[in-house]
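Visitor: Could you take me through a close look at one part of this model?

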Amino acid sequence: MTATMMPQRLPIWQRLLFAIPLFGWMARDVADGRPEDLGYTAVAIVSMWGCSALLFGLPGLYIPALMMVPVMFLVLILISRG
């Protein structure tokens, strides 16, 4: 995406998302970066999940998976709506 295609001001939800230190940088790369950045982001998220499992044990493995349940429900609802 070139500078001429960028909007003058991003919506508030994008500015808040991009302001989160680690996840915001990855989200900005996915939104504005090259297509292969999505793969790098997926690898980074899986690596962070693995690090949390090593650091916190089984709760570090289970809690992120449990937190993804509402997200997946939302994705399924959005898919079913078309």
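Visitor: What is the mean pLDDT of the protein chain, and what share of its residues reach 70 or more? And how do α3 and α4 cross?

Guide: Happy to! This is a predicted model, in which local features need pLDDT of at least 70 and side-chain atom pairs count only at pLDDT 80 or more, while totals for chains, interfaces and linings use all residues. Residues are numbered from 1 along each chain as its sequence is written, and side-chain values use heavy atoms, leaving out hydrogens and water.

The protein chain has a mean pLDDT (the predictor's confidence in each residue, from 0 to 100) of 85, with 91% of its residues at 70 or more.

Now to your pair. Helix α3 covers residues 37-56 and helix α4 residues 58-81; helices are DSSP runs (H or I) of at least four residues, numbered from the N terminus. Their axes, lines fitted to C-alpha atoms over the stretch in contact, come within 5 Å and cross at roughly 140°. Angles run from 0 to 180 degrees between N-to-C directions.

On the α3 side, W49, S52, A53 and F56 make the contact (heavy atoms within 4.5 Å), meeting L58, P59, G60, L61, P64 and A65 of α4. These residues divide into 8 nonpolar (Ala, Val, Leu, Ile, Met, Phe, Trp, Tyr, Cys and Pro), 2 polar and no charged; Asp, Glu, Lys and Arg count as charged, and the others, Gly among them, as polar.

Notes. Helix = DSSP H or I, 4+ residues; strand = E, 2+ residues; numbered from the N terminus.
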